[in-house]
Each structure stands twice: as structure tokens, then as C-alpha cells.
Amino acid sequence: MSQATLLEEVVQWSPEMCRQEVRVVLPKLVIMHHNTDSWEEHINVFQIIVDMFLPHLPLVELEEECFSKVLPKVVLMFTGFLEETSKQIGGLSSQNAEIQAFLRSILQMMVQTLETLSGCVRHVCSFEEAASLDSIRSLPTCVLQVLKDTFQHCKESEVMYSGRLSLVGDLLQCLFKEAYSLQKGLMELLEKINLENSASREEISDLVTVIHSLLDICSVISTLDIALYANTWKFIIKQSVKHQSVVEEHLRHTDIASSLCEGLLASVCSSLELAEQVQQTGLQEVAQCAEYKLFQKTTKMSRFFANTLVHYIKEFKPFLSKSCTHFYQLCLQVLSKFPPSLTAPSVPPGLGEELRAAVLVPMDAVLTQLLPLRSFAECVLTPTRNCRPELTLPQCLLLVDVLGKLFSQPEDTLRLWYDGSQFSEETPRLSIFEAVFLSFRHCPLERAMPVRLPGVMLHGQAQVKVSLHQHVCVHLCGCVAALPAQHFPPLERALLGAVLQSDTQTALLATDVWCFLARYGTAELCLHHVIIIAHLIKSCPNEGYRLTHLGLLLRRLLFLMTPDHQMEFVKRFAPSEEDNLCVWRLILLRSLCSEVRLHVEREVLSRARSALDAWQGSGYRLGSMNTLNKALGCVLVVVRGEPLQAECLASSLKVIHHLWSLMCANQVQVHPSLQDTLKLLLSISANFIKNIEPQATIQAFSCLSGLHLQQCPDDLVLAALEFLASMGKVFIPSDIQSQVLPRLSSLFSTLLAHESWLISQHALEAFAIFAEVTNHEEVISQSLMSEETKNKVVNFLSKTVSAQEAEKARVERMRVEANTIEKHSEGLETEQKTHVQTPAVEEPLAKRARQETSKDEEYERYLHAAESALKALQAIDAPSTASSPPQWVTARLQALQTLISQISTSTTNKL
């Protein structure tokens, strides 16, 4: 009997006839199916086998008699369908009926193949007894391969068929529906299979292959159908957990974890895009728009992925070390999609909160599950990471979240996060305290904006938004409060490291936490820390950010010391000793109790008097200025504190008046040590302005007027502005007004027009303070002779904003500024390291640039004082002055002229 005759005869048989002849006819049909090259005959024979003879085979014979012999050829033929479609699709058009008919026939055969495979699956499911994988081994493999190819074709159809999709769209739709149905049936079948612990290697391998094949399908169907995508993932996780004991060592955990992470992130991004579309529609009834319904679906998918990830990590944690990089990146990426991240999209608040609840709550559980994993800690705490700008804030927030969870963790986990790497063979990792300070430092833009975060609710008060600084500080302090004693050393190292780095806001954060530690700890601990800090200050080689930050910390901690410990500190670091002056010039006297403060004031002023006498005794040598300047720095601390007693006030004024008589603008302009002296003298005089003698005031303005302020250091100019602002508090005596007021207005005019924005801003503030209280209103008008300066001052006083800056432009501007500041800070640290590695050797005085001898200095100083006095006298006797001078003035001038002639004659004779 020929093959054609056999087929014609078989299709006429009844089910009973098929049952009787199955042993004879089925082998012939299998051979016919294997040997045929005709697609139509292949489909026909395959359908006959499945529909007519498969129902009559017992379950144990399905694999051996049918599936293993037929299904490999089905996969081969299906692949041929796809290849032929790809070849012919280029000629598809409405005008080419032949190609159109040919492609439609191929797609129809593909649909029939899927229908027939579904028949195989339904038949296996129809058995009351559960099938084993051994009995149907070829079926899942074949079906999954065909499904993957089918879904891939559907996914690419829009691009492949381009504008001709309508010619075959109905068949592609049928193809997808059949594939959907086939996969659903296969998963139902596989759910009935149970593998015992005694399962063979082949069965375990088959199940693992099924799971991995479905994982590959997930990557294809993620954008095709949300329900199918979710159901496939449910099946993968369910089967992995169900057969965990036999498959956990064989699964591709890294691929599963990375796919879950990608799925979650893609769902979150899709939800946010839809939320943005909802916002753009501007509809009042959000719930009625199609975008909102899609948003709810994708949000539900996001929740599903997040919860699935929690479950998967919980079950397979020992096998996920290599996946920790994916988990870490997922945490950062998800956090970057929500406020307060500056890159978070703008969405309606209600939708944002809905998505946040769906994603961040389970992500919090994910983080809790990951804490014991060393690999995850190494990812988060690596010292060499350079996060992209949009991930710096998420890194900081992630670390803060970790801080809040550690108190409930076992000791091994605490060591992992608190102590950092201990041995060279370990993967380097920071302690979490170091990592928090480092990540906070890398958020200059977020600190400057500033971003706002939910604060901690206390005593039933409403929750308020707080700055990033406060958010991090509160959680760090909470962690410190619960920190076991054995983990204090890494905390202290991190605090000190943060204080000694160059970013001032980070140092301030560390100072806040340090002060909490001092308050929370014992008084002895506070004293111990203060003593260490004081020694560090003494070891700082010169002025710089480290000295500034240590001084800030010392000032804060002194407030927290007991009176007895304050007195002990004063005895250890006596202000009467020169080596300790660098410590006392950084403190606030009001931090000390009254008894200690009075003791320090007396010692500081006594030391200043001694330093001035020593400088005078050395012949006013510039090389001796350093000691005097240290003492003056301490005097400034004293005068900025509580009002001085009469004795201390008189002693201070005596020092100030003496120094003003020695100030020479020409020398100050070129000698940095004198610039430091003048800076301190100006600040001290500003605090004592009501007690300064008129002659000292004249000398101060004479010195300032003689300086080229544009070429002076900024700190000296700022001190000058402080002094000028204080002049508004006093009435200038009429006999010196002509020597002071013109110079005062000239100095204000110059500094208001200063080219540095920093100086210009401080000049505006100083001028506003002066103008608010001064009695000499003519100075105000004379300072504003320039129209540009006048407009600048008016705008400042009226708080006029020149232009309203767009939000995006503001963010971009502040980003540029933050980068500039960060580069400057890094430059400071590089410079500091260079100084540490190659310490500078102080040049002896003899090798410095030549300076005047003490005799030269005396001549210069007294001649300058004489010139200043004579010029002031000339200004009083100017032609514009209405009143005439008293008669005795002429006699005094003649006497001065005689004295000058005698000095000149004596000097000429000596030459």
C-alpha cells in the first residue's frame, strides 16, 4: 500500500479501528513523517498521528513510540517555515498576490503546528496519573523551542513586515493566540509533575532545561503581553522553589536574578512614562483615561516583580553572591526614579505615591535580605566606585537605609558593615560610616538645591521635610546610639577622616555627629576627644581647611565639657605658652564657664602684651611677627566674647593703640606677616570701635587708604569691611572728620566696585550695616558717586531679583558650580598630600628676600606717621575751609619747620 493510499484510508478510520491498528500503522506514519520533505504532508501526517493514534498509546509509551521520533522533525520543519518567511518577506505587497498567498500558507501551517502541539499537551494532561518527565522528555523541549521562535517572530513582525503588516495581521494574531494557549497548557502540565529527592540526573536536567528555556522566553515576551509575562515568571519561581532541593545547584541564578532586576526596572520606567502622559493630558478625572488604566497594570507588574525578587532572594540567598552587583545597581536605579532625586520625572503626586508604595516597600525587604551577604556589602562599600551623577544621591540614601536596619542584625553582619576590610587578602571595603560621609560629600548639588526628605516624626508631631544634611545626621546619630562598644573605633576613625577632608559641609556633618557622641557618652570621653583634637590642631603645619574644621569641632565640644574638665583643659594647654596659642585662637570664650573664661582672658591679654614687648625689644623685626600674630588671634577671640572687665579692656586698648601707631601702608602691601597683623588689628578694632582713640582712627584710615586693596588678600579686605561697617556705630569727632570721612567714603566706593563678586557682596552687606546706623549721612552719598554702584546698592537694599531663573537652568547652573567646588576641594587635598609627602623646610630669615633693617623700619614708620599728620593738617587748612586756624598754629608750624631743618642738617652731616 502506497503512502498516499495509506493516508487516504487512515483518515476514514473510526477511533476503534485506530486503536486496533495503532501498533501496525503508527510506525509507518512515523517513518513517513520523518522522510517527507513536503510541508503539507508533514503537517497532515503530524495531525493524523496526534489526533487519531496518540490517544491510544499508554502514558509510558508516549515518549518512546511517538514524541522522541516525531517532535524533533516538527522543530526542524518549524524552523524551516521561519527561514522561508524571512527570505520571501521582502517581496510581500498587495500587488504580488503569489508571494502574499505563499506567506499566508506558511503562517497557516505554523498555526496548525501549534494547534497540533497543543493536542499533544492536552492528551498528556488527560491522564489521571501524573506524568513523569522521563515519560514526556521530548515534549517540553520541542514545545519551548517552537514557542520561543514563534514569540520572537511576533515580536519582530512590526519591523519585519513594516507597512505590509495588514496583509498577514490576522494570521499573526492567530499565531500568537495559539502560542499563548500552548504555553499555558504546557505550564499546567508541568505543574502536575513532582520530582522526588531520588529523581534521576536526567529528570533534574530536564526540569532545569525547562526553567531556563522559559527564562529565555521571558526576555522575548516582556513587551508582548503583560499577563503572559507575569504568569511565566510565576511558573519559573514556583517550580524553582517547589523543586529547590534538587535544582538549586543547577539553576542559572545569575541570569534569573538579572532578568528579575531588568523586569522590575523596566516596569517602573513604563509606569513613570505612563504617569507623565497622564499629567500631560491634564484631565480632572484621571481614573477615566486609558493611560491611567495602563499605569495601574504596569504598577501591578512592578509590585509583582518586587515581591517576586524578595521571595527569590529569601529562598536562594546562598547562591546569589555573583548577583549582588545586579541587586546593588537595581537599588540605585529604582531610588533614582523617585523624589528627591533630581532626575526623577515629574508625575502627579497621587500616581507617584501609588508607584512608590508598590515598589519601595518590597525593595526595603530586598535590602534587608541582602544585608548578610558579603558580596553585597563589598559592592555597596567599595572605596573605588565612581557613581554617575544621577546615582550619587541614591547611593547616599541607600547607605542611610542600611544604617537604619543594622541594629537588628547579628554580630557577623555588624562586623561586615561597621568595621570595613581588616586584612589585605579581603576585597577592600569601607566601613559604612566612611561610606556615608563619602557619599554625602559627592552630593554637592543635592545639598545646594536643597533636596527635601521626610523627617522623623516625634511626639505625634506632623512629619516635615528636612534637608539631606539633617536626614543623614539623624540616622547616623540613631546608629551611634545603638552602636555596640566594640565598633566605636571605626566610627571614630570615620568621624576624624570626615573632619580632616576638604569639603566643609561634610566636615560639619561629622562635627554634628561627633557632638551627639560627646553628649551621649561620658564626660571623660568628651574630655579625651577634646585633648586629642587640641593636639591635632597643634600639629597642623599651617592655615588650611583641616585647621578650620578642627577648630569648628573644638569650639562645639568645649560647650559640652564640665567646668572641672574645662579648667583641666586650660591647664594642659595654657594660653600663656606660645605653642598653645594656635589652639586658643580657634575657640569661643562663651563656651567656657565664667571662672575659666576670666582666667583665659587674663592669660591671653598678658601674653599679647608680652608678645608686643618682645617684638618691640627685637627692633620690630618682621621675622618676629608670627608670635605676635598668634597672640593677636587670641585677643580677637577674647574681644568677640563677653564684655571685658575694665582692667582687661584697658590692657587690650593699649595694645591696639600701640600697634596702630606702627602700621605703614607701604610695608603692609608687600609683607604677608604685616598683612596678617593688620587683618587682626582691623577685626579687633571693629569690636572696640567705641573705645578707639581718634588718633588711632586716623592712623587706621591712613593705612587703609594707602593700600592697593585690589591686590590685597581677600581675608584682609573682608577684615577692612568689618572695620568700615563698625564705623556706623560711632560719631566721628569734628576735629578729625576731614581726615576720616573722605577716606571712609572713598574706601566704600572702591570696595563696592571690587571685581571679585565675593568682596562686592560683603561690601554691600557692610555698607548696608553702616548706612543703617550712621549719623554721617554725607558718607553715604559720597560713596555712591557712580551710577552703577548706586543701582547695585539700591537693588541690594530692596532685595530686587534681577531675573527669574528657570528651574532647569538653575539646576544646570548649580551643577556646574558644584563641579567647580568639588574640583577645588580635590585640588586642596592634592596640595595637602604633596605638603605631607614633601614637607616644606622653613627658610631661615637670612635667606628670605631682603627686608629693611630695624633702623630702616624706624625711619619709615616715623616718617610715614609725620607725613600722614601733615597731610591731615593740610586738609583742615584747605582753601575751601571757611574758618581760619587759631593764631598759635602758625607758631607751632614754625617750630616744626625748625625741627625738620635740624633733622635734615644732622642727617646730611652723617652721610
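Biologist: Where is the place of proline 450?
Modeller: Heads-up: this is a predicted model, where local features need pLDDT of at least 70, side-chain atom pairs count only at pLDDT 80 or more, and totals for chains, interfaces and linings use all residues. Residues are numbered from 1 along each chain as its sequence is written, and side-chain values use heavy atoms, with hydrogens and water left out. Helices (H or I, at least four residues) and strands (E, at least two) are DSSP runs, numbered from the N terminus. On that numbering, proline 450 falls in the loop between helix H19 (444-448) and strand E1 (452-454).

Biologist: What is omega for the bond that joins methionine 449 and proline 450?
Modeller: Most peptide bonds are trans. The one joining methionine 449 to proline 450 is cis, with omega at about -10°.

Biologist: And what is omega where proline 339 meets proline 340?
Modeller: Proline 340 is in a loop too, running between helix H13 (324-336) and helix H14 (349-370). Its bond to proline 339 is cis, and omega there is about 10°.

Biologist: How far apart in space are alanine 435 and glycine 420?
Modeller: Alanine 435 sits in helix H18 (residues 432-441) and is buried at 5% relative accessible area. Beyond four places in sequence, its contacts are Leu381, Leu399 and Leu430. Glycine 420 is 15 residues from alanine 435 in sequence, and their C-alpha to C-alpha distance is 9.7 Å.

Biologist: What separates the C-alpha atoms of methionine 301 and valine 241?
Modeller: Methionine 301 is in helix H12, buried at 6%. Outside four places in sequence, it contacts Ile226, Tyr229, Ala230 and Ser267. Valine 241 is 60 residues from methionine 301 along the chain, with a C-alpha separation of 21 Å.

Biologist: How far apart are the end C-alpha atoms of helix H9?
Modeller: The expected span is 1.5 Å times one less than the number of residues. Helix H9 (residues 226-242) has 17 residues, so it should span 24 Å. Its buried residues, including Trp233 and Phe235, pack against several helices, among them helix H6 (138-161) and helix H11 (253-281).

Biologist: Which helices are included in what covers the buried residues of H22?
Modeller: In H22, the buried set includes Asp512, Trp514 and Cys515. The cover includes H18, H19, helix H20 (468-481), helix H21 (488-500), helix H23 (523-539) and helix H24 (545-558).

Biologist: How is H33 placed relative to H34?
Modeller: Axes are lines fitted to C-alpha atoms, for helices over the stretch in contact, with angles from 0 to 180 degrees between N-to-C directions. Under 35 degrees counts as roughly parallel, over 145 as roughly antiparallel, 65 to 115 as roughly perpendicular and the rest as oblique. Helix H33 (residues 714-726) and helix H34 (residues 737-752) pack at about 135°, with axes 11 Å apart. That makes H33, relative to H34, oblique.

Biologist: How many nonpolar residues are in the contact of H33 with H34?
Modeller: The H33 side is Val717, Leu721, Leu724 and Ala725, facing Leu744, Leu747, Phe748 and Leu751 of H34. Ala, Val, Leu, Ile, Met, Phe, Trp, Tyr, Cys and Pro count as nonpolar, Asp, Glu, Lys and Arg as charged, and the others, Gly among them, as polar. In this contact there are no polar and no charged residues, and the nonpolar count is 8.

Biologist: At roughly what angle do the axes of H31 and H33 cross?
Modeller: The contact involves residues including Leu678 and Leu682 in H31 and Ala719 and Phe723 in H33. By class it has 7 nonpolar, 5 polar and 3 charged residues. The axes of helix H31 (residues 672-687) and H33 come within 8 Å, crossing at roughly 25°.

How values were computed
Buried < 20%, exposed > 50% of the residue type's maximum accessible area, 1.4 Å probe, protein only. Contact = heavy atoms within 4.5 Å.
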